[in-house]
Amino acid sequence: MTQSTPNPFTDLLASMGAKQLTPTEVADRQINDLLVSIFRFSVDKSVAADDDGNGSTIAVKCVSMADEDSDGSNRLSFDNLDQLLYERLMLADISKSVIDYRLNKNVTNYLSSATDGCEQRVLHYLYDCFVKIETIRTDDSVAAIATQQRIQLRDTVVNQSALILSHPEFDPNIDGSNKKIAPLLDLLEDIDQHIEHKPHLKSFIVRVFDRIQQKFQSGDEEITTVMALKSSYDVLNERFTRMSLMDSSLTRNIDLLNYFVLNENTSKTLLSLNEPDTRLVPIMSNLYQNTLFGALLSISCLPRPMVPNFEYFLEPSRFSKHEHKMTENGLAFRLNEITKQFHSLFHCLLKHDRQRAINWIETCLHSFKDRCKAWTNEMIMMSGNANNSSDGFMLNFSTVLLKFCKPFCIPLSDKLLKVDPRYCRLKQSGHLPYLTIIAEDSFLMPGEQSEINGDNFEPNFMTQCFVATHKALHLGFRSVHERFIKLVQDLNQMEGILRDMEQQSDRSDMAEQLKKRFEKAMTQFLSMKSMLSEREFTEMAIQFHISTAVWLNNLAINSNETEASKGFKEILPPILRDFDSHCLKSVPEFIMENVCDFIIYVRRFNEEMLALPTIDLRPLMTLIVIFMGSSNRMKNPHLRAKLAEMLEALMPYEGSTHYTMRANTQHLFTSHPLKSELIPTLLHVFVSIEISEASGEASVAFEQKFGYRRPMYIVLKYLWNSAEHRTCAKELADYAINNMEAITPPLFLRFINLLINDAIFLLDESFVYMQKLRELQQQRDSGEWKKLTAQQRQQNEMNYQHTGRIARFHNIIGRDTIHTLSFITDEIKTIFCDKALVDRVAAMLNYFLHHLVGPQKRNLKVKDLNQYEFKPKDIVHDICKMYVNLSAQDNQKYRQFCLAIGRDDRSYSKDLLLLASDVLIKSGFVSLSTDTTAVGTLIEKALQYQRRMEVNYDDAPEEFMDPIMGDIMEDPIILPNSGVRVERSTIQRHLLSDQTDPFTRSPLTMDMVVTDSELKERIKAYKDTKRKIRDQTNNS
């Protein structure tokens, strides 16, 4: 049988019995003692000094509120408690009224107390009373009080607390002139440290704010919960604005915010305080950053509005790489703590009011819309800085959103199928202007106004979160990454200039200034890298972008969103490049840009993350194959070229220190289901970025295409090491040879033609800039610049550095282009000797070899050739390799090549290949030198035969002559618009680069031309006559 709990009032009743109190008086006395024990103030002076002498009572500190003329019989009761409690709260100094009050031990033992009853701070005092009421232990004797009147006591405390928070001017401890006092925040800071109090503190906050809301809704009060929380909000906001990332109190202050997201009422209150006037957002893009959430998310290792300078990695040259890494790890740990805490906080907001929380995210992103504009980054970099004050905010915000995407962004997860691309074209007033801005963005495929009616489409959370995360990454990571890459380039340039200055003793002042600039730039670099490479952010972002690739791949192979949502399909070759997917008309380009930029960044600066066992890179390769070579899936050629850069980032590098990384990436190129599509896909994107005014497709700037093609050369070189990929290229070449006159020029033919065009332009420009660089070096070394003013010398120095950079660019790309042609001719030869190409190939090789080994080669010599990536020996090697390859007898048309070389009167001479052979010997290429000399002999033999067989057509009628090349025609055709007669091979060659009539600029394809049979016969008859005359002359 359970032992009953002792009655706490037994001793008290016994002592009262001696005084023969009535039952009513006993009950009143019980209530009085209970209330005194809870609220610690008394109106009974006589009882204050009572002591029965048997030790059953103890003295507790109470505030005496008895009147001077009181007869000592006053008692606390439920009737007078409200008024007396209010008076107790209004006491400015309670220390003068503290007395010792005798209470029964059992009564006090049943109550939990946090203070001694003499608490001056009003809210602390009320909370203490609240806790005592909540912790009254019920039993048979006091059940009536615990169950029937506990609610009344609690309501009294809650009402008074709500009053104090609504009207802080009533608090006698608050000076009206000091608006930065926040009693509620003080309470939270003091009590939150006691774990046992947290449940009561949460209950107290919820009940008080619910009461404030009830009074406002009923019209009893004009004060809202927002107004009541404002003082605490302001104090926290100011703290976060000034706190640093390594501040020891940071996480504790963030934890306090959890008390304001306990239920729907408090969550809406906190959200309201963090919602600036949206009418001002278009004018001041940092309004959201000025909110409490903004101040919190802005805390990072990057500058922010109130802390415009860098705080970490100062004077970086004084510290070792290990020390910098330790600092980076410490910052990363703190960054992860902040985003983890904020994610938990915002998760509560979403739970209590999802739509309003999502609206906050979207409106916040909209307010930063200008961050992704090109001019924004340009203005920042022009200012000499690499940072925007909102960088830290956007990167932290992106990390938080990535955490929300983590549960459903799992490759091939059914949850990923629920992400609906139509959301990006949604027109719904509740989501404006965020979606309006997205809808105005460029999409993977253009389409008619395919807007979705908001009444018929209700977006799910996964879709909204997915799109918002990509938008945040676009505004945050991509913008920072762009400036980070520019900063890296600037650092490399400064290093080069410093090396150059160290060799010139008279430039020590300029060198010292540059060192300071370099030091400052290194601080920026290390700080930005710490933010961009934070481990958890990186791992989540990799998985997010791989999941995005899976999502995009699925959309690309389905005709509409309904089909795409049914499930993931296995993607196998062949890939249909002209497939029309309506889904892609709803996917903004920035989603694809995000994937490319992030993978490229990680491979370059944080490649070990791609070696994690949880990372599957195959969806990225699938994405590349599907989109890179298809303008029907992605119209923008810049983005298709970006995919080629990402493909290069996925290549295995021998220099990589990560074996797992090399193994993973190598597997992509050897075992991926779509590996057979890599060569044709690469050639498609190479050709598609060429300028084409008549094609109607988007194109890229002339100079820009060379930068885009460089990673393609690197990938093609890697693929060429595989017999399987070489075989694929040969098949494309064979098809091109058999279809040279096709309406649409074959892919491989267009590719080779563009390679030749690029090589001619790039190496020619390279020679021009190297000659100019040589002239500038000679002027500087001769002392000519010393005669100039300081400003003129500085201008000349800038011009010299600029010329060096341009020369270096053309040297690198030109060398890569020639090298690509060289290794292709190892396997594929015939197409280079076709009549549409052979003369241009021969002229190109002769011209460049003449400049590299002939008398003019001295014009290309400058100091430190390696600094400008000018490697003439390598270029001579590759050019001679092409001579040898194309003149080899396994080439069916080697004679045509040899004749074309010899016919080039502008650059070819009998000694040209002999000079080249000498250079090769000096460079260590002895075997190639021998082969090159043999080619020279072969060419001379071909020329001798050609001279014997040569026919003189000097008297040919003008109508027999090609108006473009000036040679006698063999197969004349009539152009449809201009009516001009041109040699067929001439117009074929022209159409490889320009699909227009060369005389009228109107569109032209080979199926539009007409053979002039009558003229062709007359030319043939004329040639036959001339040949007979030649033969008769030779025989005589």
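Trainee: Is phenylalanine 313 buried or exposed?
Mentor: This is a predicted model, in which local features need pLDDT of at least 70, side-chain atom pairs count only at pLDDT 80 or more, and totals for chains, interfaces and linings use all residues. Residues are numbered from 1 along each chain as its sequence is written, and side-chain values use heavy atoms, with hydrogens and water left out. Buried means under 20% relative accessible area, exposed over 50% and partly exposed in between, with a 1.4 Å probe and protein chains only. Phenylalanine 313 has a relative accessible area of 7%, so the residue is buried.

Trainee: Where does phenylalanine 313 lie, and what is its phi?
Mentor: Helices (H or I, at least four residues) and strands (E, at least two) are DSSP runs, numbered from the N terminus. Phenylalanine 313 is in the loop between helix H13 (292-297) and helix H14 (321-352). Most residues other than glycine have a negative phi. Phenylalanine 313 is not a glycine, yet its phi is positive, about 60°.

Trainee: What is the phi of arginine 40?
Mentor: Arginine 40 sits in the loop between helix H2 (23-39) and strand E1 (41-42). Its relative accessibility is 10%, so arginine 40 counts as buried. Although not a glycine, arginine 40 has a positive phi of about 55°.

Trainee: How are H25 and H28 oriented to each other?
Mentor: Axes are lines fitted to C-alpha atoms, for helices over the stretch in contact, and angles run from 0 to 180 degrees between N-to-C directions. The axes of H25 (residues 618-628) and H28 (residues 678-688) come within 9 Å and cross at roughly 50°. Angles under 35 degrees count as roughly parallel, over 145 as roughly antiparallel, 65 to 115 as roughly perpendicular and the rest as oblique. H25 and H28 are therefore oblique.

Trainee: And what is the handedness of the crossing of H24 and H26?
Mentor: The axes of H24 and H26 come within 9 Å and cross at roughly 25°. That angle makes H24 roughly parallel to H26. A crossing is left-handed if the near helix is turned anticlockwise from the far one by less than a right angle, and right-handed if clockwise. The crossing of H24 and H26 is left-handed.

Trainee: How far apart are the C-alpha atoms of methionine 528 and valine 480?
Mentor: Methionine 528 belongs to helix H21 (residues 508-532). At 0% relative accessibility, methionine 528 counts as buried. Valine 480 is 48 residues away along the chain, and the two C-alpha atoms are separated by 8.0 Å.

Trainee: How many salt bridges are there?
Mentor: A salt bridge is a side-chain nitrogen of Lys or Arg within 4 Å of a carboxyl oxygen of Asp or Glu. By this rule the count is 52.

Trainee: What is the distance between the closest N and O atoms of arginine 710 and aspartate 816?
Mentor: Arginine 710 forms a salt bridge with aspartate 816, the closest N and O atoms being 2.9 Å apart. The pair links distant parts of the chain, with arginine 710 in helix H29 (residues 702-719) and aspartate 816 in helix H32 (residues 790-825), 106 residues apart. Arginine 710 is partly exposed at 32% relative accessibility, whereas aspartate 816 is buried at 16%. The distance asked for is 2.9 Å.

Trainee: Which residue forms a salt bridge with glutamate 645?
Mentor: The closest N and O atoms are 3.9 Å apart. Glutamate 645 is partly exposed, with a relative accessible area of 29%. The partner is lysine 642.

Trainee: Is methionine 965 buried or partly exposed?
Mentor: Methionine 965 is in the loop between helix H37 (926-949) and strand E6 (972-974). Its relative accessibility is 44%, so methionine 965 counts as partly exposed.
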